[in-house]
Amino acid sequence: VQLQASGGGLVQAGGSLRLSCAASGIIFSIHDMGWYRQAPGKQRELVASITSRGSTNYADPVKGRFTISRDNAKNAVYLQMSSLKPEDTAVYSCSTTLRGLRYWGQGTLVTVSS
């Protein structure tokens with residue numbers, strides 16, 4: 001299983017970014033996918049998830065600002081982030097499970113300046 005995240009960068013508060021995660025080594029369409037983030041000195045937390053059927057779930061801090069989506073034809077999951085805040089600064093990773101094991105991408109750094 002390989003998960004390759006991209007799209008991070010430096011953005012001013014109030015700005016937007018779109019993260020992408022390309023998956024390989026799995027039958028992507030049947031897998032639930034999630035975006036996680038880990039800020040410096042903090043534990044990793046779930047940001048958003050999307051089931052194989054397209055049902056979505058969001059952490060309270062990002063509700064109404066972030067949107068997770070998937071494109072099964074491209075084996076990709078996306079995270080559209082808007083109205084970014086400095087507290088959104090973190091390394092964002094995509095993740096899925098296969099046969100009971102959780103797999104992580106390498107992460108992409110999002111830095112939001114005030």
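I started at Cys 21, which stands opposite Val 77 in β8. Strands here are DSSP runs (E, at least two residues), numbered from the N terminus. I noted that this is a predicted model, where local features need pLDDT of at least 70, side-chain atom pairs count only at pLDDT 80 or more, and totals for chains, interfaces and linings use all residues. Residues are numbered from 1 along each chain as its sequence is written, and side-chain values use heavy atoms, with hydrogens and water left out.

Next I looked up the strand pairing (DSSP must find at least two bridges between two strands). β3 and strand β8 (residues 76-81) run antiparallel, joined by 6 bridges. Strand β1 (residues 2-6) is also antiparallel to β3, with 5 bridges, and there Ser 6 has Ser 20 as its bridge partner.

Then I checked the faces of β3 (residues 17-24). Leu 17, Leu 19, Cys 21 and Ala 23 make up its covered face, while Arg 18, Ser 20, Ala 22 and Ser 24 are on the uncovered one. Why the every-other pattern? In a regular strand, side chains alternate between the two faces of the sheet.

I moved on to rings and found 1 aromatic pair. The ring centres of Tyr 36 and Trp 104 are 4.7 Å apart and their planes are at 75°, so I logged the pair as edge-to-face. For Phe, Tyr and Trp (its six-membered ring), centres must lie within 6.5 Å; planes under 30 degrees apart are stacked, over 60 edge-to-face, the rest tilted.

Last, I found the charged end of Arg 44 over the ring of Trp 104, 3.5 Å from its centre. That needs NZ of Lys or CZ of Arg within 6 Å of the ring centre and within 35 degrees of the ring normal.

Technical notes:
Buried means under 20% relative accessible area, exposed over 50%, partly exposed in between (1.4 Å probe, protein chains only). Helices (H or I, at least four residues) and strands (E, at least two) are DSSP runs, numbered from the N terminus.
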